[in-house]
Amino acid sequence: MMALAIVKPIEAPTEKPEEFVSPTNIITTPCDPWPRPYYLEDGLRKVRPYHFTYNTYCKQRWRGRELLDIFATEFRDRPQDYYKDAIECGKVVLNGKKVSSVRQIVNNGDIISHTLHRHEPPVTARSVGVVHEDNDMIVINKPAGIPVHPAGRYNYNSIVEIMRAERGHGWNPLPCNRLDRLTSGVMFIGKHPKAAEKLTDQIMARTVKKEYMARVIGEFPEGDLICDQPVMQISPKLGLNRARASGKDARTIFKRMAYYPPKEMTNGVDPEANDARSEQEKMRDSKMAWKSKRGHSIVRCLPLTGRTHQIRVHLQFLGHPISNDPIYSNQRVFGPSLAVGDACSDEDENIIAKLSKMGKTEVAEATEYHNDMMEEYNKKKAEKLTGEKCEVCDTPLYSDPGPHELGIYLHARRYACQDGKWDYETPLPEWALPPPGTDGPIVTTEETDPMALVDDNGQPMLNGDSSSVNSQIKHQKPLWTMPG
């Protein structure tokens, strides 16, 4: 006889189904003017003010922080009171909604939107030069003073947007390498994603050799010189980097191409005999180490790593900073020694405080600005707050930058594929040519080529013990006096 079992009916789950969560609200830009609102004036490309909305995903370092704290510490464009008011009146929103407090915590996945009346700084009116163009790539000669991508106060005054304006609204330029805003030279712009990805991969794999030209203060040592001081980012907000033992590995090969002493030395005039300085001025200048470095040098630079501001930081460390560098050649920020040989200073907070004033209440003055040959006009004409405000949005207004602020003496002259498949270069920039009436090289030569000093794997091939600056100093004139 078969036994029967009673089976209870299966009950439906009591849990509620997962509810659909709609995507985060994104505020779109109120306008995207086309043609772009450019106009040219006094050698500058300017943009008429326009309304714009930034949409920014929460960065990793922002997670768990208050909304106002993020704006106050990460963005230099406007004072904290402006951002406080913008949050409270709804110009700054989180995920498309106005927040109840400036202390609102920002979390992973949040989107911050900021709508404002945008004022862009002017840039040089010089056109973007084309070195080479084919179906995949455009190799350009980037003018100094123009950022590559829209960032900070710059949007339409960027390489990407200027090229888009020239070639059509639907054209999407894809930069493959990055140059600092103040740096000029070779850049690669992909015409389609596959070409851009291919070249970007080569650069990331360090199979591309890069040569830069720099004009530095004083007589740079002859011979082959390597600086392998690690580089650390000190302030993301200000873009400040320093030579630090705890930083990321960095290595640059330097080779002097030319040295140009001051005119009075080349004319056989005794500088001491024509020195009109008072004793007080002589005492003051004796405390400025860079004042004793007469004239300037043109140096070829081969970075073997790609740290931010690597060449600028290494040249400062060596005691020969780029002569018009508003950061690393600024005695108001770094003091009279310009931080030569400094890899362990505890003055970073003081330096950040001084640098933050530059372009606000003070003019950024590099050592070259103290040169008697610099016209008084350029000393006074510099970008800083004017004290005036926009009639539309009450934004503090800046004066136009002077010609000397539109770039620094650093130029990416040549990029070459390590296996020899391609090699692109530009002529020497004007500031690297001999001064009027002076003999000197007007083209590069193999004798001063730093690329000849590395093997196919990108490793240095120097004679003798030259693996670091310290070993090189034993064979050169001292570049600095070590602390202690």
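Analyst: Strand β10 is mostly covered in this predicted model, five of its six residues being buried. The strand pairs with β9 (residues 129–133), to which it is joined by four bridges in an antiparallel arrangement. Within this pairing, histidine 132 has valine 139 of β10 as its bridge partner. Three residues separate β9 from β10, and the two strands form a hairpin.

β10 also pairs with β12: six bridges join these strands, which again run antiparallel. Here methionine 137 stands opposite glycine 190 of β12. As a general point, side chains in a regular strand alternate between the two faces of the sheet.

Helix α3 links this region to other strands. The buried residues of α3 pack against β10 (137–142) and β12 (184–190), and also against β1 (38–41), β2 (44–47) and β11 (174–175). The helix spans residues 159–167, and its buried positions are Ile159, Val160, Glu161, Ile162, Met163 and Arg164. Just after α3, glycine 168 adopts a positive phi of about 125°.

Two of the strands that α3 packs against, β1 and β2, belong to an open sheet of three strands with the order β1-β2-β8 and antiparallel pairing. Its edge strands are β1 and β8 (123–124), each of which pairs on one side only. β2 and β8 run antiparallel and are joined by two bridges. Arginine 45 stands opposite valine 123, a residue of β8.

The side chain of lysine 46 makes a polar contact of 2.5 Å with the side chain of glutamate 41. Beyond its neighbours within four places in sequence, lysine 46 is in contact with Pro37, Tyr38, Tyr39, Glu41, Pro122, Asn157 and Asp400.

Arginine 215 counts as buried because its relative accessibility is 16%, where the limit is under 20%. A polar atom of the arginine 215 side chain lies 3.3 Å from the backbone oxygen of tryptophan 431.

In general, rolling a probe the size of a water molecule over the atoms shows where empty space is left. The structure holds two cavities of 30 Å³ or more. The second largest cavity contains about 30 Å³ of space. Its lining consists of Tyr54, Asp77, Arg78, Leu116, Arg118, His119, Gly152 and Arg153. By class, the lining residues of the second largest cavity comprise four charged, two polar and two nonpolar.

For the setting of these parts, the chain as a whole has 11 helices and 22 strands. Of its 484 residues, 48% are buried. Among the contacts in the chain with a separation of 6 or more, 69% are between residues 24 or more positions apart.

Technical notes. Residues numbered from 1 in each chain as written. Predicted model: local features only at pLDDT ≥ 70, side-chain atom pairs only at ≥ 80, totals over all residues. Heavy atoms only, no water. Buried < 20%, exposed > 50% of the residue type's maximum accessible area, 1.4 Å probe, protein only. Contact = heavy atoms within 4.5 Å. Polar contact = N/O pair within 3.5 Å; in protein donor to acceptor, adjacent residues only side chain to side chain. 1 Å grid on protein atoms, 1.4 Å probe; cavity = no way out; pocket = protein on both sides within 12 Å on 5 of 7 lines; lining within 4 Å. Points joined across faces, edges and corners; volume = space filled by probe spheres on them. Nonpolar A, V, L, I, M, F, W, Y, C, P; charged D, E, K, R; others polar. Pairing = 2+ DSSP bridges.
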